[in-house]
Amino acid sequence: MEETALYPPHAGFVSQANVSGYAAYEQLFQRAAEDPEGFWGHLAEEELHWFEKWSHVFEWQPPFVKWFVGGKINASYNCLDRHIEAGHGERVAFHFVGELGDTRDITYRELLATVCQFTNAMKQAGIQPGGRAVIYMPMVPELPAALLACARLGVTHSVVFGGFSAEALRFRIDDLEAELVITADGGWRRGKEVRLKDAVDEAMQEGCASVKHVVVLQRTGSAVTMREGRDIYWHDFIAGASAECPAEELDAEHPLYVLYTSGTTGKPKGILHTTAGYLLQNTMAMKWVFDLKPNDIYWCAADVGWVTGHSYIVYGPLSAGATSVLYEGAPDYPKWDRWWEIVARYKVNILYTSPTAIRALLRQGDAYPQAHDLSSLRLLGSVGEPINPAAWEWYHRVIGGGRCPIVDTWWQTETGSIMIAPLPGAIDLKPGSATRPLPGVQADLVDLDGNPLEGPGEGYLVVRRPWPSMARTLWKDPQRYESAYWSRIPGIYFTGDAARRDEDGYFWVLGRVDDVMNVSGHRLSTMELESSLVRHPSVAEAAVIGKPDELTGQAVVAFVTLKQGEWDHSILTEELRQWVGKEIGSFAKPKEIRFAEGLPKTRSGKIMRRLLRELAVGNTVSGDTTTLEDFNVVNKLASKDED
Ligand code: WTA
């Protein structure tokens, strides 16, 4: 194997780091491994505010865990009130940048006031702790405020990414039986309005019987339809509401949020996170991984609609008292230097983004970043997919000026917080590797039979012990939670990823081993796409695979067989892409659609995706095809390339 370059942190970084030097990391790691109760219990006391202390640190009845049992806490109090009480009320929580150029600085005190008003308004509307709210908003400061207001009252929120369609929104509202929907007229993306309220209206045409109130923020100011008695503008909703509101004293295990993510079936999984453990581990990640200091300007350029935004725009940074940038729009609007202009303007110290974004920015050349002063940057981060060494090297050299460590962070919606990543002042970096597990994380590799692998090798990535921020269950589906994550090796968490461990004990995450694709760092399920395609009147059968893509990591390729009839393939290609866009969201549209007379199947009728993958990549088929029912089908597919 090729020799990998090693990037040790430079002395200037190490000397100021929160965890300074390898020995300090190792000590934390060992302490957590030897005495998890003592380790996490101590941190929970030091790092969080409690109304009442817990009776024991955790209770583990595989696969169900409770952390800080009996403790009383509130996430919104931890993110806001305690910083104000400590004298930091005038600190900026968010430097907001709208896509069209409007800006607002929101201090912790101002954010708390908005949150309290919204919480009081929810109470007046009869919403109670234990209720559910679906949030479908653009990236404006009222979005984190809405999450925190729910957390303050004990309402379980579920954010739906603004790129999801009305259909996807309806499924989530119904699954949660949400009584409140918080939305906006629209938001700005590449200079165009993304009309959110229209999608809410469309979703609510059928089903959604549980919804009593729809609160609509005016962001774009465009005309929307408001239904009497159900829909109310945000400013009318909070009019007259007091800006003071005590935080509910909630159980440590109170359900904080549900976030839907793709699994291996057609139905998205509602990942449930609870309060105290989630908050604690994310607070620690801010300090350990992002090396956060009180005066830092931090920017996670993700969307709050994904888990990265929940953990590293809202709960982690605010709990740690950070000052963040919040940007509404696209990196290329109006030009490809928008991010660099923002970094220079706010003197951003820490920037966290995805490999897809880095590759897209890299393609535009060095002139855009070089036109701006990026010298404030101290640390860079990456998340969502493996980062290829070329993109890593560009990020390091051109954006980081060669001086900023890159924290490549591996984690999942299910893990709640970062699991494998370098502590930047302690670990030597290798481009493409997320390096080592964080303190308290027992990551390991197992073989096909679940046997542990010693030393270097490749296998399934698993986590051996419960950790505070892990998902507690799937919404209304504990059985699926158990079978998806805990049945392959009882009592051990199965990540669905394959990884390699090298001779230094570094992890290299290779990708998913299940039917989940990763497109631009967004998870898509092959089954979800296939069931969408077969709902189209022309489609008989569909098989979807991920094909390596230079920009987006993977790209969706759909193999489709059609029902009897005369079909115009070129018209149908576009129609099917639009169809998927409408059913799931435009980010899920297949890049390629290939029409075929049949799909290759095993004797038991399972579609042989491996063959389709090979076809999509090179139009050649190799390897073991002995279980193939009809090899001719494959040949036909191969020759149908231009169809
Ligand atoms: C992949 C995103 C390699 C992985 C936080 C995981 C990564 C899935 C990395 C989770 C990384 C995430 N290197 N692969 N640094 N980070 N992944 O739930 O396959 O949207 O299982 O959470 O993304 O995606 P999710």
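Let's start with Cys-150: its sulfur lies 12 Å from the closest cysteine sulfur, the one in Cys-245, and that is too far for a bond. Please keep in mind that we are looking at a predicted model. A disulfide here needs two cysteine sulfur atoms within 2.5 Å, and by that rule the count is 0 disulfides. Cys-300 is in no disulfide either, as its nearest cysteine sulfur, in Cys-79, is 15 Å away.

So is Cys-150 buried or exposed? Cys-150 is buried, at 0% relative accessibility. Cys-300 is buried as well, with a relative accessible area of 4%.

Now, on to the helices. Two packed helices are described by the angle between their axes and the distance between the axes. Have a look at α3, residues 36-47, and α10, residues 276-288: they pack at an angle of about 85°, and their axes are 10 Å apart. The two helices, α3 and α10, are therefore roughly perpendicular to each other.

Which residues meet there? From α3 we have Phe-39, Trp-40, Leu-43, Ala-44 and Glu-47. On the α10 side, they meet Leu-280, Gln-281, Thr-283, Met-284, Lys-287 and Trp-288.

One more helix before I hand over. Just after α11 you will find Gly-321, which takes a positive phi of about 75°.

Thanks, everyone!

Key: Residues are numbered from 1 along each chain as its sequence is written. This is a predicted model: local features need pLDDT of at least 70, side-chain atom pairs count only at pLDDT 80 or more; totals for chains, interfaces and linings use all residues. Side-chain values use heavy atoms; hydrogens and water are left out. Axes are lines fitted to C-alpha atoms, for helices over the stretch in contact, and angles run from 0 to 180 degrees between N-to-C directions. Helices (H or I, at least four residues) and strands (E, at least two) are DSSP runs, numbered from the N terminus. Angles under 35 degrees count as roughly parallel, over 145 as roughly antiparallel, 65 to 115 as roughly perpendicular and the rest as oblique. Contact means heavy atoms within 4.5 Å. Buried means under 20% relative accessible area, exposed over 50%, partly exposed in between (1.4 Å probe, protein chains only).
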